[in-house]
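Thanks for having me, everyone. Let me put the model up on the screen, and then I'll walk you through a few spots.

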Amino acid sequence: MSDRALLDKMTRKMDGGLDHLKKELAGLRGSRASVSLLDHVTVTYYGTPTPLKQVSTISIPESRSFMIQPWDPSSIPDIEKAIHASDLGLNPSNDGKVIRIPIPALSEERRKQLVKICRKYGEDSKIKIRGIRRETNDELKRLHKSSMLTEDDVRRNEAAVQKITDRKIQQADELLQKKEEEILEI
């Protein structure tokens, strides 16, 4: 494997870690409604666990509420049960055709808890990025031992690896900061 291909592979892995972080953060509730908040909700639909978005249309009529319109109105009780079981602290109500979910304001204590969870996700992501850096540096050293790279190539590539790592960690920090601001806004 060439050193360029190794750096490309490392970048793809780090981008995958950042994508995972984005998904984790999207699942955390802020003060505004976000469809991604309901991504983890699974409904028992005709005996099969099914993601909520596959059995209904989810919309946000106002910044602090959801409207869920199931394709099959008989699934409304199952959808409500799944939302209650999701531990999001949401209370759905229905009129027989659609489910409305108001987003209550977060208490100060709950905001602090969410920020801690957010930071934990961020730290886990940064640990993963650093692990990918270590693996890449180990591979560069292995290539040097097998005489496929010179010592100068290894040093040059290690500098490039560190530069990419720093950029990815900065991106993770920016994602965290944006999510923390969203959680802490009133």
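Let's start with Glu-158, which sits in helix α4; helices here are DSSP runs of H or I with at least four residues, strands are runs of E with at least two, and both are numbered from the N terminus. Before going further, this is a predicted model, where local features need pLDDT of at least 70, side-chain atom pairs count only at pLDDT 80 or more, and totals for chains, interfaces and linings use all residues. Residues are numbered from 1 along each chain as its sequence is written, and side-chain values use heavy atoms, with hydrogens and water left out.

Setting aside neighbours within four places in sequence, Glu-158 touches Asn-137, Leu-140 and Lys-141, where contact means heavy atoms within 4.5 Å. Glu-158 and Leu-7 are 151 residues apart along the chain, and their C-alpha atoms are separated by 9.7 Å.

Helix α1 is residues 3-26 and helix α4 is residues 151-184; they pack at about 10°, axes 11 Å apart. Axes are lines fitted to C-alpha atoms, for helices over the stretch in contact, and angles run from 0 to 180 degrees between N-to-C directions. That angle makes α1 roughly parallel to α4; under 35 degrees is roughly parallel, over 145 roughly antiparallel, 65 to 115 roughly perpendicular, and the rest oblique. Among the residues making the contact are Leu-7, Met-10 and Met-14 of α1, and Ala-160, Val-161 and Ile-164 of α4. By type, the contact of α1 with α4 has 13 nonpolar residues, four polar and six charged. For that count, Ala, Val, Leu, Ile, Met, Phe, Trp, Tyr, Cys and Pro are nonpolar, Asp, Glu, Lys and Arg are charged, and the others, Gly among them, are polar.

What about α1 and α3? Their angle is about 170°, with axes 10 Å apart, and α1 and α3 are therefore roughly antiparallel to each other. Their contact divides into twelve nonpolar, four polar and seven charged residues.

Which residues of α1 are buried? They include Leu-6, Leu-7, Gly-17, Leu-18 and Leu-21, and what covers the buried residues of α1 includes α3 and α4.

A quick length check. The 24 residues of α1 should span 34 Å at 1.5 Å a residue, and the end C-alpha atoms are 35 Å apart, which agrees; the expected span is 1.5 Å times one less than the number of residues. For α3, residues 108-145, the 38 residues should span 56 Å, and the ends are 56 Å apart, which agrees too.

At 65% relative accessibility, Ser-147 counts as exposed.

Last stop: Tyr-46, in the loop between β1 (42-45) and β2 (48-51). Tyr-46 also has a positive phi, near 50°, and is exposed at 66%. The rings of Tyr-45 and Tyr-46 have centres 4.8 Å apart and planes at 70°, so this pair is edge-to-face. Rings of Phe, Tyr and Trp (its six-membered ring) pair if centres lie within 6.5 Å, with planes under 30 degrees apart stacked, over 60 edge-to-face, and the rest tilted.

Note on methods:
Buried < 20%, exposed > 50% of the residue type's maximum accessible area, 1.4 Å probe, protein only.
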